[in-house]
Amino acid sequence: MKEISANTNESDTMSKDLKNWGFKFLGSAICDVFMQAIGMVNHHTIKCFRYKNLHGCASSDPLLINA
């Protein structure tokens with residue numbers, strides 16, 4: 001579980017950009033959770049029962065990021 005972070009470089013960048021657009025309460029962790037919810041990242045560990053299903057979906061699209 002220590003390998004799974006609450007934020008990434010991408011979520012840091014997203015948070016900073018959205019704050020520049022005027023968003024007030026939008027940190028990197030919130031952006032990271034949002035990216036996982038919409039399928040941009042996969043933070044499930046290999047042992048998780050959802051990993052195989054989610055990994056297969058993401059691998060077909062090069063724009064998606066797998067963690």
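Biologist: How are α1 and α2 oriented to each other in this predicted model?

Modeller: In this predicted model, α1 and helix α2 (residues 28–37) pack at an angle of about 115 degrees, with their axes 8 Å apart. Axes are lines fitted to C-alpha atoms, for helices over the stretch in contact, and angles run from 0 to 180 degrees between N-to-C directions. Angles under 35 degrees count as roughly parallel, over 145 as roughly antiparallel, 65 to 115 as roughly perpendicular and the rest as oblique. The two helices, α1 and α2, are therefore roughly perpendicular to each other.

Biologist: Is Ser15 buried or exposed?

Modeller: Ser15 has its place in helix α1 and touches Leu26, Gly27, Ser28 and Cys31, leaving aside residues up to four places away in sequence. Buried means under 20% relative accessible area, exposed over 50%, partly exposed in between (1.4 Å probe, protein chains only). Because its relative accessible area is 5%, Ser15 is buried.

Biologist: What is the relative accessible area of Met14?

Modeller: Met14 also lies in helix α1, and Met14 touches Cys31 and Met35, not counting residues up to four places away in sequence. Met14 is partly exposed, because its relative accessible area is 22%.

Biologist: Which helix has the lowest confidence in the chain?

Modeller: The chain has 3 helices and 0 strands; helices (H or I, at least four residues) and strands (E, at least two) are DSSP runs, numbered from the N terminus. Confidence is expressed as pLDDT, the predictor's confidence in each residue, from 0 to 100. The mean is highest, at 93, in helix α1 (residues 9–20). The lowest mean, 59, belongs to residues 51–59, helix α3.

Biologist: Which numbering and confidence limits apply, and over which residues does pLDDT stay under 50?

Modeller: Residues are numbered from 1 along each chain as its sequence is written, and side-chain values use heavy atoms, with hydrogens and water left out. Local features need pLDDT of at least 70, side-chain atom pairs count only at pLDDT 80 or more, and totals for chains, interfaces and linings use all residues. The chain averages a pLDDT of 76, and 66% of the residues score at least 70. The stretch where pLDDT stays under 50 is residues 58–67.

Note on methods. Contact means heavy atoms within 4.5 Å.
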